[in-house]
Amino acid sequence: MIGVIDYRAGNAPSVGYALERLGLTHRLVATADQLDGVERIILPGVGAAQATIDSLRESGLVEPLAARVHDDRVPFLGICIGLQVLFEHSEEGDVDCLGWVPGRVRRFSDTLRVPQIGWNAVRVTRAHPVTDGLGHDAYCYFVNSFFADPADPADALGVTEYGQEFCSIVARGNVVATQFHAEKSGPVGLALLERFARWDGTC
Amino acid sequence: MLTKRLIACFDVVNGRVTKAQQFQDNIDVAPAADLAQQLYEDQIDEIVFYDIKASAEKRKIDLETVRAVAHHVFVPFTVGGGIRTIDDMYEVLKAGAEKISVDSMAVRNPDIIREGAEAFGRQCVVLSTQVKFQGIRPGLPSGYEVFIDGARLATGLDAIDWVRRGEDLGAGEIVVNSIDRDGTASGYDLDITRAVADAVNVPVIASGGAGTVEHIADGLTAGAAQAAIISSILYSPRLERNLGVRELKDALIERGVPMRPYVAG
């Protein structure tokens with residue numbers, strides 16, 4: 001059973017449809033008690049860092065999420081804003097985030113067309129159970145004005161070019177996260193979700 | 001590198017995709033969910049869905065059809081038509097869309113753009129504009145006027161002023177839809193598309209008039225658009241020959257336009 005965190009600014013339904021297509025059972029998680037018994041967790045996201053963090057706090061999900069991920073070692077997948085809020089701080093609204101991954105979230109240069117919207121190539125930098133088989137230069141769908149800058153380069157499992165190279169996949173222990181929308185990246189994204197659903201959280 | 005996008009446009013009436021010409025005379029094409037599934041399998045980059053009667057009939061958007069399409073589409077999916085409030089937007093997002101397109105309603109109540117961007121992020125709010133060349137005159141410095149309500153009502157707004165305002169209010173993408181070219185397969189209006197792309201910093205989408213690969217390539221190069229909305233070329237019964245997504249992409253890549261390559265399997 002996959003728990004998909006459901007909050008107002010999220011896009012849990014799209015992730016749910018993708019999991020349904022893959023034949024994977026899931027339930028939407030809007031309160032802490034709904035986290036009990038889930039074997040893995042997806043934090044989807046669209047929208048702003050502040051709105052996401054506020055929403056997680058208001059639902060009382062921050063500590064229970066951390067407990068399931070860090071104490072129970074449940075495999076975790078963050079998507080888009082669900083990647084950015086894992087870091088310590090985001091320039092978007094100057095907001096403190098969850099701090100699970102050392103580093104900051106920064107804005108793309110004003111010389112670029114922002115938001116970045118569209119399909120861009122992801123280059124995986126090392127072997128990992130969730131990205132194995134993704135292929136060289138896999139095209140995935142991005143929508144972002146901000147990007148993560150991990151303090152430890154080893155936390156970047158995938159990189160993408162937009163004006164500069166930025167971290168498009170994060171992997172740290174039982175946590176992985178994609179800046180692109182895996183649920184909206186066609187067969188490439190669905191394959192990644194399927195591998196996440198089989199992953200035991202180790203690498 | 002970031003590639004250019006091909007976006008299939010669905011003008012939906014009673015759960016079915018239709019095809020208009022200059023915003024009129026819609027003829028039936030196929031059930032929306034079936035066409036969505038086929039285009040997804042053909043690896044279209046994105047789908048936009050307009051409930052074209054919702055506004056005029058003063059009713060809520062057809063959420064049942066939105067849901068049916070969302071079940072088949074694992075690429076970005078934008079929905080518009082009859083969106084008046086933040087709650088309307090939330091309903092559509094809950095049904096499985098990730099972007100909301102606002103058009104006539106945003107002209108009547110520009111604050112809907114700001115409210116939508118604040119609630120769901122600016123990437124969620126697409127400002128779609130219907131524009132028509134009227135000649136340069138006082139109050140219309142670009143010569144292009146914004147129309148609403150299915151191209152029936154002139155607003156007096158200058159297209160460039162309006163898209164700049166839309167961007168300031170929080171629109172994350174701008175669609176430039178040429179009324180004169182809609183459904184004519186005579187090519188996008190490159191002048192206004194390029195002028196809008198120069199005027200704003202968010203992505204710009206060319207719409208209205210694509211009938212050949214050259215038209216699409218022109219929109220994405222000379223027109224400076226980041227994405228091209230297509231429909232006639234894919235499935236208009238008025239055209240002698242329709243082209244598939246893969247055929248279009250291969251031809252665009254051949255012409256040097258960066259596109260997401262077709263993924264086998």
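Predicted model: local features only at pLDDT ≥ 70, side-chain atom pairs only at ≥ 80, totals over all residues.
Okay, let's start with a definition: two residues are in contact if their C-beta atoms, placed from the backbone, lie within 7 Å.

Residues are numbered from 1 along each chain as its sequence is written, while chains are lettered from A and ligands numbered from 1 in the order in which they are written.

Scores first. The model has an ipTM of 0.94 and a pTM of 0.95. For chain B, the mean pLDDT is 94, and 100% of the residues score at least 70; pLDDT is the predictor's confidence in each residue, from 0 to 100.

Now chain B as a whole. How many helices and strands does chain B have? Ten helices and twelve strands. The C-alpha atoms of chain B fill a box of roughly 50 × 40 × 40 Å along the principal axes. A compact globule of 265 residues would have a radius of gyration near 18 Å, and chain B, at 17 Å, agrees with that. That radius is taken over C-alpha atoms, and the globule rule is 2.2 Å times the number of residues to the power 0.38.

Back to those contacts. In chain B, take the contacts between residues at least 6 apart in sequence: 61% of them join residues at least 24 apart. Also, 58% of the 265 residues in chain B are buried. Buried means that 20 or more other C-beta atoms lie within 10 Å of the residue's own; 12 or fewer is exposed, in between is partly exposed, and the C-beta atoms are placed from the backbone.

Let's zoom in on a strand. In S6 of chain B, residues 99-102, Lys99(B) and Ser101(B) point one way, Ile100(B) and Val102(B) point the other way, and all are buried. S6(B) runs parallel to strand S5 of chain B, residues 77-80, and three bridges join them. Two strands pair if DSSP finds at least two bridges between them. Within this pair, Gly80(B) sits opposite Ser101(B).

Next, Gly172(B), in the loop between helix H6 (159-169) and strand S10 (173-178) of chain B. Why does Gly172(B) count as buried? Because 25 other C-beta atoms lie within 10 Å of Gly172(B). Leaving out residues up to four places away in sequence, Gly172(B) touches Pro115(A) from chain A, plus several chain B residues including Arg122(B), Cys124(B) and Val202(B).

Over to chain A. Here we get five helices and 13 strands, and the C-alpha trace spans about 45 × 35 × 30 Å along its principal axes. For 203 residues, a compact globule would come in near 17 Å, and the 15 Å of chain A agrees. Buried residues are 55% of the 203. Of the chain A contacts between residues at least 6 apart in sequence, 69% join residues at least 24 apart.

Pro44(A) is in the loop between strand S3 (40-43) and helix H2 (49-58), and counts as buried with 26 C-beta neighbours inside 10 Å. Pro44(A) and Gly78(A) are 34 residues apart along the chain, but their C-alpha atoms are separated by 6.0 Å. Then there's Val124(A) in strand S8, also buried, with 21 C-beta neighbours inside 10 Å. Beyond its neighbours within four places in sequence, Val124(A) contacts Thr131(A), Leu134(A), Leu157(A) and Gly158(A).

So where do the chains meet? In total, 31 residues of chain A are in contact with 32 residues of chain B. Several elements of chain A each supply at least two residues of that side, among them helix H1 (12-21), strand S8 (116-124) and helix H5 (186-198). Which element of chain A gives the most? S8(A), with six residues. By class, this side of chain A has 18 nonpolar, eight polar and five charged residues. Here Ala, Val, Leu, Ile, Met, Phe, Trp, Tyr, Cys and Pro count as nonpolar, Asp, Glu, Lys and Arg as charged, and the others, Gly among them, as polar.

That's my tour, thanks!

How values were computed
Helix = DSSP H or I, 4+ residues; strand = E, 2+ residues; numbered from the N terminus.
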